[in-house]
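Good morning, and thank you for making time for this presentation.

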Protein chains: 2
Amino acid sequence: MKKYVEMTKSELQELLASYKTVYREYQQMELKLDMSRGKPSVEQLDLSMGMMDILSSNDDLRCDDGTDCRNYGVLDGIDEAKRLLGDMIEVPPENIIIYGNSSLNVMYDTISRCYTHGVLGGTPWSRLDKVKFLCPVPGYDRHFRITEYFGIEMINVPMTPEGPDMDMVEELVSDDESIKGIWCVPKYSNPQGYSYSDETVRRLAALKPRARDFRLYWDNAYSVHHLYGDDCDVILEILDECRKAGNPDLAYKFVSTSKISFPGSGIAAIASSLNNLDDIRKQLKVQTIGHDKVNQLRHVRFFKNLDGITEHMKKHAEILRPKFEAVDEILTRELGGLGIGTWTRPKGGYFISFDSLDGCATEIVSRCKKAGVKTTEAGATYPYGVDPHDSNIRIAPTYPPISDLKVAIELFSLCVKIVSIQKLLSR
Amino acid sequence: MKKYVEMTKSELQELLASYKTVYREYQQMELKLDMSRGKPSVEQLDLSMGMMDILSSNDDLRCDDGTDCRNYGVLDGIDEAKRLLGDMIEVPPENIIIYGNSSLNVMYDTISRCYTHGVLGGTPWSRLDKVKFLCPVPGYDRHFRITEYFGIEMINVPMTPEGPDMDMVEELVSDDESIKGIWCVPKYSNPQGYSYSDETVRRLAALKPRARDFRLYWDNAYSVHHLYGDDCDVILEILDECRKAGNPDLAYKFVSTSKISFPGSGIAAIASSLNNLDDIRKQLKVQTIGHDKVNQLRHVRFFKNLDGITEHMKKHAEILRPKFEAVDEILTRELGGLGIGTWTRPKGGYFISFDSLDGCATEIVSRCKKAGVKTTEAGATYPYGVDPHDSNIRIAPTYPPISDLKVAIELFSLCVKIVSIQKLLSR
């Protein structure tokens, strides 16, 4: 296969004409396909329908310690839910607070609390002139939106297949007291599907930040979301590493069952040091009497234990793996060797990250959209929605049925070709 | 019955001695009774057990517009949940946002948002030197704790059986730009069970506050929580009255199903003007992808409509009414005519408010506790936990079985007598 960059102008023009013809055929198909968000498919949701039967009117809804889960109380979650999620994320139950249905909400509330009341007695961020966050890029748009909403200045840090550029992270946090945190998706990162290397985790845990209230915002969203069973990424447990490094309070770890049971009807949690959790409880007891314990109990009785979760995740993988493989196959077939795009091949998570030639992403996304295929907006994977290279596109292959997905990726590849040729011709 | 104040010192001393003997007998019973919080009883919780069967694995969990309630999405609640709660609180569905499990959490988030981002483009409260709230007293301790947590200065406003002292409210809010809100429990108030008169509601709706971001924090916690069926309190609908008074954005109305279905596993909501809701959605979309729609659907399918809720609340009333009546009977029998205490006789809600002689409440609560009966802490019904008269005690008769409740109130009455006599003797 000849690289586009090695082709003559007339070769490229000929190709462009033929691809435009095909593109018009796609437009006539009036597609309506959505690859924009990391949503489970209907088949995946069906896997958890047993949850609807697991609690019945004949059941005793008291938990192990006798607490009636139907009534008020239990600020930080029932013990068995802490154990279940604790086992899942390798953290003892006492290091966990169970929240409501959304880990995003927990992250928002965490930032909001830092803003209004500070961290462990530190100055509330609302009283500081400047607060900054490190944002490994490309990254998760909803993280960036939270920090943007609170007026926090975001600094791009390049992601590598090993995690964020640690030389840069170390230098920045040791210099600048206004840097209060870093957004991390340490396993099967959004959007690349990269997992932090042991060295990266250790260097993060051993950071010596100028700001005493600096924290790792450790969004462990895909801890058990493997595609290939035992052939999976394993990362070091962050709270443990922080303790070993003499930084016991450095990390807030966020987790939820959103992509395990039902998104929007799962349970979320924060894991951290006892110090940090005590600090959080002081606020939490003002905010609520307690979260939904019946739903906590529902999850515990449905999954039973970590084995239950592991088995369940294998079923998710059966559905997801062919989709990820189809995307890779089509991209390889259509774009391989052309030198106009690279993409990731994750072993888990919910996304594939695609990088086009510089300056092409916005136009590719727009062309896809005009033919009825929605991808995540170009730029969304960067703070403020600004991708300095205009090259990154997040592909979310999980939601559409595989037949639709194939059509969508074929169209996507076609758009990459058309836009790349136009780019090359305009040079 | 002779009033204590009219008795001679020796008469009082004789009484005291005999009551202390009885008190020691109570202490030997090793009671462990809790009248401290407004929790439904086990019998009441059992009323909603049908909820556990209403969704099964054979059911279609899509809502009317086709949305799959199991997946991500629908920021502000499914339409049918808005209709159900809207009918319950006399507000059109478009004026409602459905939240998670706790209206307290919604109130906290509302204050927090005002603090970090202001109201409708106004200055965030974090940037103001002083923010104040009006607090009708006695009132709900968890309201006061939220405002205290955000450093908001609380001003006591006396409650009357018609609602807060409106002359004082009108004068204060028209004078002082730092007054940003008033906490209201307009129906079956906590702790008195008073309901605001039409005149009070109209005067509140017609307020002309100096602060443009002043709001009525309208906690309609007991809107359908009647004890005597049709013989119930009716209050004017606040959003409607605000609109009529030319103050369409003045009220945030909070509501939940906590004491209808399961506390902690219900659904909560805010109702307000379209302007206010648009303002709120700007924040909400940063905070979450959406709340628990499966639980929203569960509530809709269980209650079906307002009639379903009304019928359900009658069953609650059957359980609660004898408890409220037992409290009143015992207090009347034991304390009637003695001139050492007054109490309310609400037609709904969750509490009875008791007022002792000045300077006795703390000691009464403490004596009860020492004999194994827990009531709400003295002072809790006032901002900062400070009751200037040390006279108000909130009685929560809902949770204990009626036999326990009777014992608890008999002991309570005894403690009132002992402490009152000691007070009179010490003069």
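This is a predicted model: local features need pLDDT of at least 70, side-chain atom pairs count only at pLDDT 80 or more; totals for chains, interfaces and linings use all residues.

Strands here are DSSP runs of type E with at least two residues, and they are numbered from the N terminus. With that convention, I96(A) is placed in strand β2 of chain A, which covers residues 96–98.

Is I96(A) buried or exposed? A residue is called buried if 20 or more other C-beta atoms lie within 10 Å of its own. I96(A) has 25 C-beta neighbours inside 10 Å, and therefore counts as buried. Which residues does I96(A) contact, if we leave aside its neighbours within four places in sequence? They are G77(A), K82(A), L85(A), G86(A), V91(A), A269(A) and A271(A). For one of these, L85(A), the C-alpha atom is 8.3 Å from that of I96(A), and eleven residues separate the two in sequence.

I now turn to chain A as a whole. Chain A contains 14 helices and 13 strands. Its radius of gyration is 23 Å, close to the 22 Å that the globule rule gives for 427 residues, so chain A is as compact as a globular protein of that length. The C-alpha trace of chain A spans about 75 × 55 × 35 Å along its principal axes. Of the 427 residues in chain A, 53% count as buried. Among contacts in chain A with a separation of 6 or more, 76% are between residues 24 or more positions apart.

Next, a helix pair in chain A. Helix α12 of chain A, residues 306–335, and helix α14 of chain A, residues 402–425, have axes that come within 9 Å and cross at roughly 30°. Angles under 35 degrees count as roughly parallel, and α12(A) and α14(A) are therefore roughly parallel to each other. The crossing in which α12(A) passes α14(A) is right-handed. From α12(A), the contact involves P322(A), K323(A), A326(A), V327(A), I330(A), L331(A), E334(A) and L335(A). From α14(A), the partners are I402(A), L405(A), K406(A), I409(A), E410(A), S413(A) and V416(A). By class, this contact of α12(A) with α14(A) comprises ten nonpolar, one polar and four charged residues.

We move to chain B, and to another helix pair. Helix α13 of chain B, residues 361–370, packs against helix α14 of chain B, residues 402–425, at an angle of about 135°, and their axes are 9 Å apart. The two helices, α13(B) and α14(B), are therefore oblique to each other. Their crossing is right-handed. E363(B), I364(B), R367(B) and C368(B) of α13(B) make the contact with L411(B), F412(B), C415(B), V416(B), I418(B) and V419(B) of α14(B). The residues of this contact divide into eight nonpolar, no polar and two charged.

How many of the eleven residues of α11(B) are buried? Ten of them are, so to describe α11(B) as mostly covered is fitting. The buried residues of α11(B) include K293(B), V294(B), L297(B) and F302(B). Their cover includes α3, α4 (79–88), β2 (96–98) and α12 (306–335) of chain B. Just after α11(B), K304(B) takes a positive phi of about 65°.

The axes of α4(B) and α11(B) come within 9 Å and cross at roughly 55°. That angle makes α4(B) oblique to α11(B). The crossing of α4(B) and α11(B) is left-handed. On the α4(B) side, E80(B), A81(B) and L84(B) meet Q296(B), H299(B), V300(B) and F303(B) of α11(B). This contact of α4(B) with α11(B) has four nonpolar, two polar and one charged residues.

In the loop between α4 and β2 of chain B we find E90(B). E90(B) has 17 C-beta neighbours inside 10 Å and therefore counts as partly exposed. The C-alpha atoms of E90(B) and D53(B) are separated by 29 Å, and the two residues are 37 residues apart along the chain.

Finally, the two chains together. Contact between them involves 45 residues of chain B and 45 residues of chain A. Which helices of chain B each supply at least two residues of the side that touches chain A? They are α2 (42–46), α3 (51–54), α5 (103–117), α6 (141–149), α10 (274–287) and α11 (293–303). The most is given by α5(B), with six residues. By class, the side of chain B that touches chain A has 18 nonpolar, 18 polar and nine charged residues.

Thank you for your attention.

Terms used:
Residues are numbered from 1 along each chain as its sequence is written. Chains are lettered from A and ligands numbered from 1 in the order in which they are written. Two residues are in contact if their C-beta atoms, placed from the backbone, lie within 7 Å. Helices (H or I, at least four residues) and strands (E, at least two) are DSSP runs, numbered from the N terminus. Ala, Val, Leu, Ile, Met, Phe, Trp, Tyr, Cys and Pro count as nonpolar, Asp, Glu, Lys and Arg as charged, and the others, Gly among them, as polar. The radius of gyration is taken over C-alpha atoms; the globule rule is 2.2 Å times the number of residues to the power 0.38. A residue is buried if 20 or more other C-beta atoms lie within 10 Å of its own, exposed if 12 or fewer, and partly exposed in between; C-beta atoms are placed from the backbone. Axes are lines fitted to C-alpha atoms, for helices over the stretch in contact, and angles run from 0 to 180 degrees between N-to-C directions. Angles under 35 degrees count as roughly parallel, over 145 as roughly antiparallel, 65 to 115 as roughly perpendicular and the rest as oblique. A crossing is left-handed if the near helix is turned anticlockwise from the far one by less than a right angle, and right-handed if clockwise.
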